[in-house]
Amino acid sequence: YPNPTSGKVSVNVANSKTTTHTLRVMNIMGQVLYTTKFEGESYDIDLEGYANGTYTITVDGTTVRVIKK
């Protein structure tokens, strides 16, 4: 959240069975633009430097589409 966004997006993985998570941000062409591993229940992503458009955020195989305006 929030979606759409003008920059920062928070990803919450509460109630997850794992403690280390893999996060990927991809464009609509499927190109991986950003990848990281994080621990805990949440992670903030700053999309401000990205062009306006639709991005896919995947955490541990769960996918969400985010629109950056």
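## Aromatic pairs

A search of the whole structure, which is a predicted model, finds 2 aromatic pairs. One of them joins Tyr50 and Tyr55: the ring centres are 5.5 Å apart and the planes stand at 75 degrees, so this pair is edge-to-face. Rings of Phe, Tyr and Trp (for Trp, the six-membered ring) are paired if their centres lie within 6.5 Å; planes under 30 degrees apart count as stacked, planes over 60 as edge-to-face, and the rest as tilted. A pair of aromatic rings is described by the distance of the centres and the angle of the planes.

Tyr55 counts as buried because its relative accessibility is 7%. Here buried means under 20% relative accessible area, exposed means over 50%, and partly exposed lies in between, with a 1.4 Å probe and protein chains only.

## Basis of the model

Residues are numbered from 1 along each chain as its sequence is written, and side-chain values use heavy atoms, with hydrogens and water left out. In this predicted model, local features need pLDDT of at least 70 and side-chain atom pairs count only at pLDDT 80 or more, while totals for chains, interfaces and linings use all residues.

The predictor's confidence in each residue, pLDDT, runs from 0 to 100. The chain averages a pLDDT of 87, and 97% of the residues score at least 70. Within the chain, confidence is highest in strand 3, at 94, and lowest in strand 6, at a mean of 82.

Strands (E, at least two residues) and helices (H or I, at least four) are DSSP runs, numbered from the N terminus. Strand 5 covers residues 53–59 and is mostly covered, with 5 of its 7 residues buried. Two strands pair if DSSP finds at least two bridges between them. Strand 5 pairs with strand 2 (residues 20–26) in the antiparallel sense over 4 bridges; the bridge partner of Met26 in strand 5 is Thr56. Strand 5 also pairs with strand 6 (residues 62–68) in the antiparallel sense, over 7 bridges, and here Gly53 has Lys68 as its bridge partner.

Thr58 lies in strand 5 and counts as buried because its relative accessible area is 10%. Contact means heavy atoms within 4.5 Å. Not counting residues up to four places away in sequence, Thr58 touches Thr22, Leu23, Arg24, Met26 and Thr63. The side chains of Thr58 and Thr63 also make a polar contact, at 3.4 Å. A polar contact is a pair of N or O atoms within 3.5 Å; within protein, one must be able to donate a hydrogen and the other to accept it, and residues adjacent in sequence count only if both atoms are side-chain atoms.

Strand 5 and strand 6 form a hairpin with 2 residues between them. Asp60 is placed in the loop between these strands and has a positive phi of about 50 degrees, although it is not a glycine. Asp60 counts as partly exposed because its relative accessibility is 41%.

The side chain of Asp60 makes a polar contact with the side chain of His21, at 2.5 Å. His21 is in strand 2 and is buried, at 1% relative accessibility. A polar atom of the His21 side chain also lies 3.2 Å from the backbone oxygen of Gly40. Among the residues that His21 touches, not counting those up to four places away in sequence, are Val13, Phe38 and Val59.

## Gln31 in a loop

Gln31 is found in the loop between strand 2 and strand 3 (32–39) and is partly exposed, with a relative accessible area of 47%. The side chain of Gln31 makes a polar contact with that of Asn27, at 2.6 Å. Leaving aside neighbours within four places in sequence, Gln31 is in contact with Val25 and Met26. The C-alpha atoms of Gln31 and Tyr55, 24 residues apart along the chain, are separated by 9.9 Å.

## The nonpolar core

A nonpolar core is a set of buried Ala, Val, Leu, Ile, Met, Phe, Trp, Tyr and Cys residues joined through side-chain atoms within 4.5 Å. The largest such core has 12 residues in all, including Val9, Leu23, Phe38, Tyr55 and Val66. Strand 1 (8–12), strand 2 and strand 5 each supply at least two residues of this core, and the largest share, 3 residues, comes from strand 5. In soluble globular proteins, nonpolar side chains tend to be buried together.

Leaving aside neighbours within four places in sequence, Val66 is in contact with residues that include Val9, Leu47, Tyr55 and Ile57.
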